[in-house]
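Please read this briefing beside the sequence and the coordinates.

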Amino acid sequence: MVGSAGTLAVAAAVVGLATATPTPPRTKVGTFSVPQVRNPGFKPHGPAQLARTYMKYGAKLPDGLARIMADLNVFRRDSGSSKATPEQYDIQYLTPVSIGTPAQQLNLDFDSGSSDLWVFSTEMPANSVNGQTQYDPSKSSTAKEEQGASWKISYGDGSSSQGVVYKDTVTVGGVTFEGQAVEAASKVSTQFTSDTNNDGLLGLAFSSINTVQPTPQKTFFDNVAPNLDSAVWTADLKFHEAGTYDFGVIDKSKYTGDITYTDVDSSDGFWMFSSSGYGIGNTTYKSTGFKGIADTGTTLAMLPTAVVTAYYKQVSGAKLDEQQGGYTFPCTASLPDFVFGVEDAKFTIPGKFINYAPVDDSTCFGGIQSDEGIGFAIWGDVALKAAFVVFDTAEGSPRLGWANKNL
């Protein structure tokens, strides 16, 4: 999929790793771990997260949600003051990534629902940047523009992000790949410009859906995977605290019991799998499965409408709120746990995880919403924080592993 491969080098701080040579056979780099950092500028807004998910997957916004977004214009840059959000509601975490020589550090969203490594850059007009760190290829001695290459990601609202492509040195968790495709934005959808500390995305879906033209490029993981102890990465996301991504290793200290593996259908480029059933609170568990993707780049859990409706029937005062574009409920409501199945195992999303954020002084927005119009369910961070998740390509056919952990 990529015409040329880069070389690997490893920071001395990474234990047990050796410097890779530029030609085969390559030295294994072993494993590395990447901690998240808190995004201090993030303001939880349920309808905005719901709209972003619909747009990401090319789905039409429901009429009510579209009106809300137009009225609130929540993606516009806001220089005014805002009401502080209580710490009981979750925030956003990003991951530091270094690009170029000397290194330029950007905070990126690790996104298993896309396959582009794109960043805010100096290719953009100044008035479209709102405090984000911009990658400046002119200040990197290792940056080389890919002549004739471009990228473009279109969203469901008709907006897009796009730009040009450089090959440059990228370091994640102390492991460096020389010649990684870095997609430098010349234009960014307004849904991203409002987030002042998020400098771009690092895609962790399959390279088959990378948007670079005329030649799609490999993801960072696909480039380093042959040099890891195992072609695997894991997500240990947390509720109300920073989590970690590990590459090349499955850390047994981060989960309890056994890992349950299930096959992945990567034909559309996503980590798609079939859940085996669901349960709500103390109600009867239903062995009704449905297809969905594991997506670290989506905040909410987007599930089939019938499942979502059944869930909120168990929540006192919950309603499908036309004014907010999704299900809301009194912030004082007691939310039942949500249980989902993977093969023969079951995993529980605690009710408190599903209280995403307030929309006013007394009403809160649900962390579970309908996947209507998307075509499949999306197990976003609300769900992923309830488990230890393994993204595994080591066995030839991709698979997902799920394990319980201490919450």
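Histidine 240 is found in the loop between β11 (232-236) and β12 (244-247), where strands are DSSP runs of E of at least two residues and helices are DSSP runs of H or I of at least four residues, both numbered from the N terminus. Although histidine 240 is not a glycine, its phi is positive, at about 70 degrees, and with 31% relative accessibility this residue counts as partly exposed (buried means under 20% relative accessible area, exposed over 50%, and partly exposed in between, with a 1.4 Å probe and protein chains only). This is a predicted model, in which local features need pLDDT of at least 70 and side-chain atom pairs count only at pLDDT 80 or more, while totals for chains, interfaces and linings use all residues. Residues are numbered from 1 along each chain as its sequence is written, and side-chain values use heavy atoms, with hydrogens and water left out.

**Other backbone features in loops**

- Glutamate 343, in the loop between β20 and β21 (345-349), also is not a glycine and has a positive phi, of about 55 degrees; at 42% relative accessibility, glutamate 343 counts as partly exposed.
- The peptide bond from threonine 101 to proline 102 is cis, with omega near -5 degrees, and proline 102 lies in the loop between β4 (93-99) and β5 (104-111).
- A cis peptide bond also joins glutamine 213 and proline 214, with omega of about 5 degrees, and proline 214 is placed in the loop between β10 (200-203) and α4 (220-224).

**Overall make-up**

- The protein chain contains six helices and 27 strands, and 56% of its 407 residues are buried.
- Of the contacts in the protein chain between residues at least 6 apart in sequence, 69% join residues at least 24 apart, a contact being heavy atoms within 4.5 Å.
- The accessible surface of the protein chain comes to about 16,600 Å², with 48% of it belonging to carbon and sulfur atoms; such areas come from the Shrake-Rupley method with a 1.4 Å probe, and for residues only the protein chains shown count as cover.

**Nonpolar cores**

- The largest nonpolar core has 71 residues, and those with the most contacts inside it are Phe338 and Trp402; a nonpolar core is a set of buried Ala, Val, Leu, Ile, Met, Phe, Trp, Tyr and Cys residues joined through side-chain atoms within 4.5 Å.
- A second, separate core of 34 residues includes Trp118, Phe120, Val129 and Phe365.
- Leaving aside neighbours within four places in sequence, the contacts of tryptophan 402 include Asp258, Ile259, Phe273, Phe340, Phe347, Leu384 and Phe388.

- Helix α1 (residues 46-56) is largely enclosed by the rest of the structure, because 10 of its 11 residues are buried; among them are Pro47, Leu50, Arg52 and Tyr54.
- Alanine 51, which is found in helix α1, is buried with a relative accessible area of 0%, and its C-alpha atom is separated by 9.9 Å from that of glycine 326, 275 residues apart along the chain.
- Just after α1, glycine 58 takes a positive phi of about 70 degrees.
- Glutamine 369, in strand β24 (residues 368-370), is buried with a relative accessible area of 2%; residues up to four places away in sequence aside, glutamine 369 touches Leu50, Met302, Tyr312, Gly326 and Tyr327, among others.
- A polar atom of the side chain of glutamine 369 lies 3.0 Å from the backbone oxygen of glycine 366.

- The structure holds one disulfide, which joins cysteine 331 to cysteine 364 with an S to S distance of 2.1 Å; a disulfide is here a pair of cysteine sulfur atoms within 2.5 Å.
- The pair links distant parts of the chain, 33 residues apart, with cysteine 331 in the loop between β19 (326-330) and β20 (338-342) and cysteine 364 in strand β23 (residues 363-366).
- Both cysteine 331 and cysteine 364 are buried, and their link is right-handed, with 100 degrees about the S-S bond.
- Strands β19 and β23 run antiparallel and are joined by three bridges, with phenylalanine 329 standing opposite cysteine 364; two strands pair if DSSP finds at least two bridges between them.
- Strand β22 (residues 355-358) is also joined to β23 by three bridges, and these two run antiparallel; a hairpin joins β22 to β23 through four residues, and alanine 357 has phenylalanine 365 as its bridge partner in β23.

Key: A polar contact is a pair of N or O atoms within 3.5 Å; within protein, one must be able to donate a hydrogen and the other to accept it, and residues adjacent in sequence count only if both atoms are side-chain atoms.
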